[in-house]
Amino acid sequence: MQSFTYVVQDPMGIHARPAGMLAKAAMAYPCAVTLTAPAGTADAKRLMSIMRLAVKAGMEVTVSCEGEQEEEAAAGLEAFFQENL
């Protein structure tokens, strides 16, 4: 399993548009992608699951990738977070 931690910088947190972009980015990889925040854990490939976490600016989240291409997924999603959130 590969994982990384990120502190959300976007002033609006993970709202609908970036949550949709995140789900789309996660779906590009065959491995399981999990997003863990203070409110719980979500399947990062499911928009509503991400939205349920209500991640705000300054919150720390952990992204875990497990399975086929987990290294590529972790690197790609970490870059996504740095560019978009």
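Three aromatic pairs are present in the structure, a pair being two rings of Phe, Tyr or Trp (its six-membered ring) whose centres lie within 6.5 Å, with planes under 30 degrees apart counted as stacked, over 60 as edge-to-face and the rest as tilted. The rings of F80 and F81 have planes at 85° and centres 6.1 Å apart, so this pair is edge-to-face. The structure is a predicted model, in which local features need pLDDT of at least 70 and side-chain atom pairs count only at pLDDT 80 or more, whereas totals for chains, interfaces and linings use all residues. Residues are numbered from 1 along each chain as its sequence is written, and side-chain values use heavy atoms, with hydrogens and water left out.

F80 and F81 also belong, together with F4 and Y6, to one aromatic cluster. With a relative accessible area of 0%, F81 is buried, and F80 counts as buried at 10% (buried means under 20% relative accessible area, exposed over 50% and partly exposed in between, for a 1.4 Å probe and protein chains only).

Turning to the backbone, most residues other than glycine have a negative phi. A54, although not a glycine, has a positive phi of about 50°; A54 lies in the loop between helix 2 (47-52) and strand 4 (60-66), where helices (H or I, at least four residues) and strands (E, at least two) are DSSP runs numbered from the N terminus. Q69, likewise a residue other than glycine, has a positive phi near 65° and is placed in the loop between strand 4 and helix 3 (70-84). A54 counts as partly exposed at 36% relative accessibility, and Q69 counts as partly exposed at 37%.
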